[in-house]
Amino acid sequence: MTDLLRCEKIEKSFGDTLVLHQLELTVRKNELLGLVGENGAGKSTLMNILGGILPPNKGAMLFDGQAYAPKNALEATQAGIAFIHQELNVLNHLTVQENLFLTSMPTKSLIGVRLIDWKQLEQKAVAILNQVGLQCSPKTKMKDLGPAEKQLVEIAKVLTLAPKLIIFDEPTTSLTLKERETLFQLIATLRQQEISMIYISHNLDDILQLSDRIAVLRDGQLISQRAAHTYQKESMIQEMIGRKVSALFPDRHTVPSTNSLLKVEDLSDGVNFEKVSFELHQGEVLGFYGLMGAGRTEVMQTIYGLTPKKAGAVYWKGDLKKRLSPRLWVAQKAAFLTEDRRAEGLMLDHSIAQNIGLVGLRKWIKKPFGLLKTSLLSAAVTDVFKRTNIKAANMDRQEVGTLSGGNQQKAVIAKWLMLQPALFILDEPTKGIDVGAKQEIYQQVSSLVDQGMGVIFVSSEIEVLLAMCDRILVMNQGRVAANVTRADFNKQSLVDAAFHQTETNTVP
Amino acid sequence: MQTSFLQGLGKMLLDRSIIVLFVIVFLVFGLLSPQFLTLQNLLNILVQSATLIILASGMTFVIITAGIDLSVGSIMLVVAVISGKAVLDYDLPLLVVIPLGMVLGLCFGYLNALSIHRLKIIPFIATLGMYYVARGLGLLISETRALNLPESYTWLGNTPILGIPLPVWIMAVVVFAGHIILSHTTYGRQLYAVGEDAVRARKAGVKVDRIIIGSYVLCGLCAAIASLVATAQLGAVSPTFGDQREFTAIAAVVLGGTSLFGGTGKIFPGTLIGAILIQSIESGLVMVSLDPYLYAVITAGILFFVVLIDSIKHQRQNRKSAKPLLKSSS
């Protein structure tokens with residue numbers, strides 16, 4: 001097989017930091033290359049270079065037999081390289097067909113005025129939507145589609161450009177299992193059309209399943225690039241981190257106390273979940289398992305007072321709390337790490353220190369004037385910053401948004417640790433972050449529980465929950481489907497409980 | 001059953017809040033003043049609202065991009081003064097003066113666009129600057145004296161065609177053209193894309209700068225047309241000409257359902273109805289001979305009410321868009 005893309009000795013540095021070092025990478029014709037590496041390994045930089053967003057400092061690229069040095073995104077597209085980004089780039093107020101052909105609308109001339117030819121637009125849109133297997137009217141407003149359908153529209157949009165190489169960057173993060181299958185099927189069809197692909201993901205199982213070859217990146221260098229069947233998950237992780245991972249999960253040996261921390265009775269929000277009851281004790285890790293959209297996040301948001309409840313009661317250390325609000329919970333030292341850290345957990349344009357200091361501010365207000373004691377605050381922030389092991393050059397000056405995903409997540413955790421919380425609700429804390437950071441977060445959780453804190457751990461990864469939790473609650477279509485203690489953990493039955501669908505109650 | 005009927009009715013009224021308001025305003029003024037609902041008065045309202053509709057049509061383009069143009073009233077003044085001078089002092093024919101005025105409007109719009117996209121000044125401040133510059137220029141050229149325009153100019157404002165005065169025809173052409181641009185051209189659809197999210201639009205390959213420049217240029221052009229129509233109707237240009245018209249225009253656009261956050265809105269019917277509504281309220285208040293100082297308060301009250309309804313609607317939509325997992329029967 002011949003090479004479609006060949007990167008030769010690519011170097012890129014930002015200021016003094018070398019991000020890519022003598023990087024060599026090849027993509028063959030008609031192959032799917034899996035690309036893995038920790039956050040900060042240089043994957044995004046490499047992709048930005050391929051996409052024409054950043055120029056390399058040194059090195060050369062060959063694409064389809066010709067020298068390739070795109071000056072901007074448009075040139076990359078014209079050369080035949082297309083991107084499916086992790087964050088969907090769709091315009092919600094426009095229709096599907098307008099999104100598809102926003103810059104290439106078919107027009108017809110009417111007395112010298114170029115008007116959109118709606119008929120032709122619809123025909124073209126239907127044809128391309130069929131190609132990705134999306135059955136919806138092209139006149140549907142984009143906002144009425146689900147995330148998976150939006151992604152299909154994005155892929156369809158890319159296909160209108162007749163690309164030779166499609167780069168998928170973490171395409172499955174917001175998809176349900178079923179939707180993921182649809183995506184994989186589509187990827188298989190694209191392969192038959194002789195389109196090469198680079199597939200970037202932290203989900204190593206997906207990478208192993210999909211790829212023809214796999215490339216591992218670490219510290220800006222290519223560590224290995226071989227046929228996929230020569231890799232195992234463990235060896236791949238080892239190559240990514242550069243050291244042996246003794247154990248991904250810490251040993252959990254503490255036993256939960258019998259003191260009730262949080263008790264929830266028959267909680268309903270009237271829309272997403274119904275009659276959810278559970279009790280969390282001090283020193284306990286309670287797992288919430290379920291498919292995406294099973295109502296787990298919504299339960300947490302309602303408990304934390306972010307969305308109104310319709311019925312049910314919430315007790316905190318035995319006291320009924322009638323009015324739930326984030327203010328109440330912060331006062332009670334209960335922390336909530338939200339699912340979407342970029343949108344809800346962080347102020348991306350502010351410094352790391354400012355973000356960390358935010359929640360615990362009141363503690364550092366001193367009498368008599370009620371002013372903020374900045375010296376005490378910054379001492380405490382520095383302490384937490386070090387404890388959480390955030391990798392950053394300067395916490396006072398560096399903006400949180402410039403950190404890699406794993407370090408952003410650590411910053412959110414650091415922020416809440418300032419409270420010295422008694423309860424920590426973690427909603428998908430390891431979403432989109434690399435193995436090394438995951439391990440640190442698991443470690444952090446474990447040590448917090450050792451100190452007597454209660455933790456609610458929401459996750460779609462059953463392995464993680466089995467390793468970390470004292471008890472697991474399974475949610476299915478808005479209801480609690482199972483409540484199992486550690487002694488009775490059984491992977492198959494938990495997964496079945498999450499997947500089981502009753503005849504009368506299908507997910508829309 | 002009862003509640004669901006009421007809910008349905010409530011939803012229907014919310015969705016058509018502007019129409020409901022329209023009906024209420026006409027009913028109230030119709031009851032208070034018997035002359036209000038006469039055909040003659042309704043036609044009067046239409047004639048009087050022509051300049052506002054033209055001005056607000058241009059403003060709609062800018063607001064859809066999530067921008068704002070505070071300079072349109074001042075552009076009206078400077079266009080009126082220069083074209084007035086051209087007629088009075090240089091005796092230029094209308095065939096020269098009208099294009100001259102329109103080109104002036106385009107230029108001022110382009111200057112706004114340049115300071116927004118080249119110098120990266122936020123629209124509010126950029127057009128606020130232009131507000132002072134253009135008004136200052138207008139006052140300078142006119143030496144703060146009123147210009148009284150000759151008959152050869154004012155006939156434009158009064159001559160009826162097929163029984164309908166020329167300003168209404170001009171207004172109709174502007175609204176029609178504006179609507180076609182927004183709904184049936186690539187530029188229009190890209191305008192909405194830019195308004196919703198400029199970064200995403202850029203990633204999707206839209207030339208965002210051009211779209212935004214276009215919106216301010218169109219807004220300036222509309223201000224110039226509004227100015228020419230208004231001078232022809234009034235027959236004079238006073239130093240306060242066009243003063244605060246920008247706010248009435250913004251109010252009309254918002255009343256018509258265009259969100260100040262950008263990405264949504266229409267000239268037809270939205271802005272058209274919004275502008276007529278504001279004009280109707282003003283002339284209605286004159287007819288019931290209320291204290292003129294109360295006009296602004298009442299107009300503001302109605303505007304507040306409409307924006308409130310819009311906000312409620314927005315919240316309901318957000319709640320609806322969260323797909324319910326549970327069946328309604330459970």
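Predicted model: local features only at pLDDT ≥ 70, side-chain atom pairs only at ≥ 80, totals over all residues.

## Antiparallel sheet of chain A

A further open sheet of chain A contains 4 strands in the order E14-E13-E16-E17, and its pairing is antiparallel. Strands E14 (276-281) and E17 (319-321) of chain A form the edges, each pairing on one side only. Neighbouring strands are turned by 20 degrees against each other on average, with direction ignored.

Within this sheet, E16 (residues 311-316) of chain A runs antiparallel to E17(A), and 3 bridges join the two. Trp316(A) is positioned opposite Asp319(A) of E17(A).

## Helix packing in chain B

Two packed helices are described by the angle between their axes and by the distance between those axes. For H3 (residues 39-64) of chain B and H11(B), the axes come within 7 Å and cross at roughly 175 degrees. An angle over 145 degrees counts as roughly antiparallel, and therefore H3(B) is roughly antiparallel to H11(B).

On the side of H3(B), the contacting residues include Ala50(B), Ile54(B), Leu55(B), Met59(B) and Phe61(B). Those contributed by H11(B) include Tyr216(B), Leu218(B), Cys222(B), Ile225(B) and Val229(B). By residue class, the contact of H3(B) with H11(B) comprises 16 nonpolar and 4 polar residues, with no charged residue.

## Nonpolar cores

The largest nonpolar core holds 150 residues; those touching the most other members are Ile166(A), Ile54(B), Leu55(B), Met59(B), Met76(B), Cys222(B) and Ile225(B). Helix H11 (residues 208-234) of chain B gives the most to this core, namely 16 residues.

Apart from its neighbours within four places in sequence, Ile225(B) is in contact with Ile54(B), Met102(B), Ile170(B) and Val174(B). A second, separate core has 68 residues, among them Leu286(A), Leu448(A), Leu473(A) and Ala497(A).

## Backbone exceptions

Most residues other than glycine have a negative phi, and most peptide bonds are trans. Which peptide bond is cis, with omega near 0 degrees? The bond is that from Phe268(B) to Pro269(B). Pro269(B) is located in helix H13, residues 267-287 of chain B.

Positive phi values are found at Lys9(A), where phi is near 45 degrees, and at Glu194(A), where phi is near 60 degrees. Lys9(A) belongs to strand E1 (residues 3-14) of chain A, whereas Glu194(A) occupies the loop between helix H6 (177-192) and E10 of chain A. Lys9(A) counts as partly exposed because 13 C-beta neighbours lie inside 10 Å. Glu194(A) has 9 other C-beta atoms within 10 Å and is exposed, the cut-off for exposure being 12 or fewer.

How values were computed. Residues numbered from 1 in each chain as written. Chains lettered and ligands numbered in written order. Core = buried A, V, L, I, M, F, W, Y, C linked by C-beta atoms within 7 Å. Buried ≥ 20, exposed ≤ 12 C-beta atoms within 10 Å, placed from the backbone. Contact = placed C-beta atoms within 7 Å. Axes fitted to C-alpha atoms, helices over the stretch in contact; angles between N-to-C directions. Parallel < 35°, antiparallel > 145°, perpendicular 65-115°, else oblique. Nonpolar A, V, L, I, M, F, W, Y, C, P; charged D, E, K, R; others polar. Pairing = 2+ DSSP bridges.
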